[in-house]
Amino acid sequence: MTVPPTARECDAALIESSLADPEAFAALFDRYSAMIYRYVSRRLGPESAEDVVGETFLVAFSKRHRYDLEQRDARPWLFGIATKLVARHHRAEAARYRALRRSPVDGPVEGPDDRVAAGVTASATRPALAAALSGLARRDLDVLLLVAWGDLSYEEAARALGIPVGTVRSRLNRARRKVRAALGDTDPTREEA
């Protein structure tokens, strides 16, 4: 979750000041690297995540002079760069989903009843979810994971991918339908009475 611009210097101002003082760009890394790491790690695994995050910020730094300073929040721009870099690693991502699909279901973890029940449900659906994700078209998968794992709004996902918001909505709807169908038209996160 990002901190409101009123509580900190907006991203556009940091990028603009980094043109004269390159060290100012480090604040963006400090602000967003953990968020982007979580997103990339879920897509490619932790082995590749650090490299892709580093590469994301190197690309962003080298292209900062072309950043649209009207966009106060750089998060969609950074996630867009990361998503493009992930696309280069798509073979590793597809292999990760295949491995998850084949991996045995983990047992429940110790803890409160709610966590155990949620863990059992999530573990049981992991192979089916991995199969559903590996079967999605790349463009649908990118939208779904930017919204679900990147915690981007539809508008931010559209900016990240350089597509209209309506396209994000239709791709997300299609991806959700396919994933839901692969899970037997059930939502494992909802308790049934």
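The buried residues of helix 8 (154-161) pack against helix 4 (75-88), helix 7 and helix 9. These buried residues are Glu156, Ala157, Ala158 and Ala160. Buried means under 20% relative accessible area, exposed over 50% and partly exposed in between, with a 1.4 Å probe and protein chains only. Helices are DSSP runs of H or I of at least four residues, strands are runs of E of at least two, and both are numbered from the N terminus.

The model is a predicted one, so local features need pLDDT of at least 70 and side-chain atom pairs count only at pLDDT 80 or more, while totals for chains, interfaces and linings use all residues. Residues are numbered from 1 along each chain as its sequence is written, and side-chain values use heavy atoms, with hydrogens and water left out.

The protein has 9 helices and 0 strands. Of its 193 residues, 37% count as buried. Among contacts with a separation of 6 or more, 65% are accounted for by residues 24 or more positions apart; contact means heavy atoms within 4.5 Å.

The contacts in the table leave aside neighbours within four places in sequence.

| Residue | Place | Relative accessible area | Contacts |

Asp151 has a positive phi of about 60 degrees, although it is not a glycine. Just after helix 8, Gly162 also has a positive phi, of about 70 degrees.

How do helix 7 and helix 9 cross? The axes of helix 7 (residues 138-148) and helix 9 (residues 165-182) come within 8 Å and cross at roughly 90 degrees. That makes helix 7 roughly perpendicular to helix 9. Axes are lines fitted to C-alpha atoms, for helices over the stretch in contact, and angles run from 0 to 180 degrees between N-to-C directions. Angles under 35 degrees count as roughly parallel, over 145 as roughly antiparallel, 65 to 115 as roughly perpendicular and the rest as oblique.

On the helix 7 side, Arg139, Asp140, Val143, Leu144 and Val147 take part; they meet Val168, Arg171, Leu172, Arg174, Ala175, Arg176, Lys178 and Val179 in helix 9. By class, the residues of this contact are 7 nonpolar, no polar and 6 charged. Ala, Val, Leu, Ile, Met, Phe, Trp, Tyr, Cys and Pro count as nonpolar, Asp, Glu, Lys and Arg as charged, and the others, Gly among them, as polar.

Helix 8 also contributes to a pocket. Helix 3 (46-62), helix 4 and helix 8 each supply at least two residues of the lining of the second largest pocket, and helix 4 gives the most, with 7 residues. The lining has 16 residues, of which Trp77, Gly80, Ile81, Lys84 and Ala160 lie nearest the centre of the pocket. By class, the lining has 7 nonpolar, 2 polar and 7 charged residues. The volume of this pocket is about 360 Å³, taken as the space filled by probe spheres set on grid points joined across faces, edges and corners. On a 1 Å grid over the protein atoms alone, a pocket is an open set of points where a 1.4 Å probe fits, with protein on both sides within 12 Å along at least five of seven lines; lining residues have an atom within 4 Å of a point.
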